[in-house]
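Subject: Structure handover and notes

Dear colleague,

Here is the structure for your files. My notes on it follow below.

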2 protein chains.
Amino acid sequence: MPNRNKSSQNAVADVFTAIAHPVRREILDHLRADDATVTHLASQFDMSRPAVSQHLAILLEVGLVSREAQGRTNRYRLEPEKLEEVDVWMRHYRRFWNKKLDALDTFLKKMDTNDET
Amino acid sequence: MPNRNKSSQNAVADVFTAIAHPVRREILDHLRADDATVTHLASQFDMSRPAVSQHLAILLEVGLVSREAQGRTNRYRLEPEKLEEVDVWMRHYRRFWNKKLDALDTFLKKMDTNDET
DNA sequence: TTGACTGGTAAGCAATTGCTTACGTATAAT
DNA sequence: ATTATACGTAAGCAATTGCTTACCAGTCAA
């Protein structure tokens, strides 16, 4: 089979690849507690500051964090809404392992229906 | 900063990396409908059969699918319980984007409490 | 037993990832 | 003005990924 034409995919990372790396998940876990600067985050890892900065760039790219300049520091803030994409995909599987969550699903659907005025 | 001693990590793939690849998610989506053989799965992708086989090997390694020999064919079956690990991690974030799911969480916790004893 | 079919795995490879150090720029302190 | 601090980003590199083709083993049909 010959190589396919890749049609110039610009290879923008998606949420699934973003959370695939354990360090990036840990970063998100840290930011769940509070916003933080790169140097502060880097102090929590056995890794150089640029390395953490690069991980943050990926999280930034997919929209899982936001960056706000404050003087000469940069505050990174958790933006967890993008994780809903993962949740949506998982929704199809949840019933397989948890009947209670299935019950919750039904419960939520009912709430949705009631919301539609 | 010098390179760290990697202490011989055997680099077994985890669930997060397994579902990071879009093809592997599609494979799982296919298996959600029904068990399938490699060749059948490969026919659904623009990719050689060995490539799909290698993806299945990863899914097998992390336990997201199981393999059952049937004559000269191999049936792959979805084993979705391992996705719970992802769900558990996501549980901490869900409240951020969905208050209703938060309500469901409370609901589930109450059910859990009632179940004890 | 021969031949066709299913399928895992090895070898090889280009591309990507994940780190490092080095550097440049902007803000703050003295 | 000079110096120190915080930070992003580039360059370079080893390791990994994700495909390919080639091969070999097991099963079924004739």
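Read along the sequence, chain A runs α-α-α-α-β-β-α-α, that is, six helices and two strands. Helices (H or I, at least four residues) and strands (E, at least two) are DSSP runs, numbered from the N terminus.

The model is predicted: local features need pLDDT of at least 70, side-chain atom pairs count only at pLDDT 80 or more, and totals for chains, interfaces and linings use all residues. Residues are numbered from 1 along each chain as its sequence is written, while chains are lettered from A and ligands numbered from 1 in the order in which they are written.

Of the 117 residues in chain A, 21% are buried. A residue is buried if 20 or more other C-beta atoms lie within 10 Å of its own, exposed if 12 or fewer, and partly exposed in between, with C-beta atoms placed from the backbone. Among contacts in chain A with a separation of 6 or more, 52% join residues 24 or more positions apart; two residues are in contact if their C-beta atoms, placed from the backbone, lie within 7 Å.

Neighbours within four places in sequence aside, B:V65 is in contact with B:L31, B:L56, B:L59, B:L60, B:Y76, B:R77, B:L78 and B:E79.

B:F16 lies in helix α1 (residues 15-18) of chain B. B:F16 counts as buried because it has 20 C-beta neighbours inside 10 Å. With neighbours within four places left out, the contacts of B:F16 are A:I19, A:A20 and B:V86.

Helix packing

In chain A, helix α2 (residues 22-33) packs on α4(A) at about 75 degrees, with the axes 10 Å apart. Axes are lines fitted to C-alpha atoms, for helices over the stretch in contact, and angles run from 0 to 180 degrees between N-to-C directions. α2(A) is therefore roughly perpendicular to α4(A); angles under 35 degrees count as roughly parallel, over 145 as roughly antiparallel, 65 to 115 as roughly perpendicular and the rest as oblique. The residues that meet are A:V23, A:R24 and A:I27 from α2(A), and A:H55, A:L56, A:I58 and A:L59 from α4(A). By class, this contact has five nonpolar, one polar and one charged residues. Ala, Val, Leu, Ile, Met, Phe, Trp, Tyr, Cys and Pro count as nonpolar, Asp, Glu, Lys and Arg as charged, and the others, Gly among them, as polar.

In chain B, the axes of α2 (residues 22-33) and α4 (residues 49-62) come within 10 Å and cross at roughly 75 degrees. B:V23, B:R24 and B:I27 of α2(B) meet B:H55, B:L56, B:I58 and B:L59 of α4(B).

DNA strands

DNA strand C is surrounded by 25 residues, the closest being A:S48, A:G71, B:T37, B:T39 and B:P50. A residue is near a strand if its C-beta atom, placed from the backbone, lies within 6 Å of it. At least two residues each come from α4 (49-62) of chain A and from α3 (38-42), α4 and β2 (73-78) of chain B.

Regards
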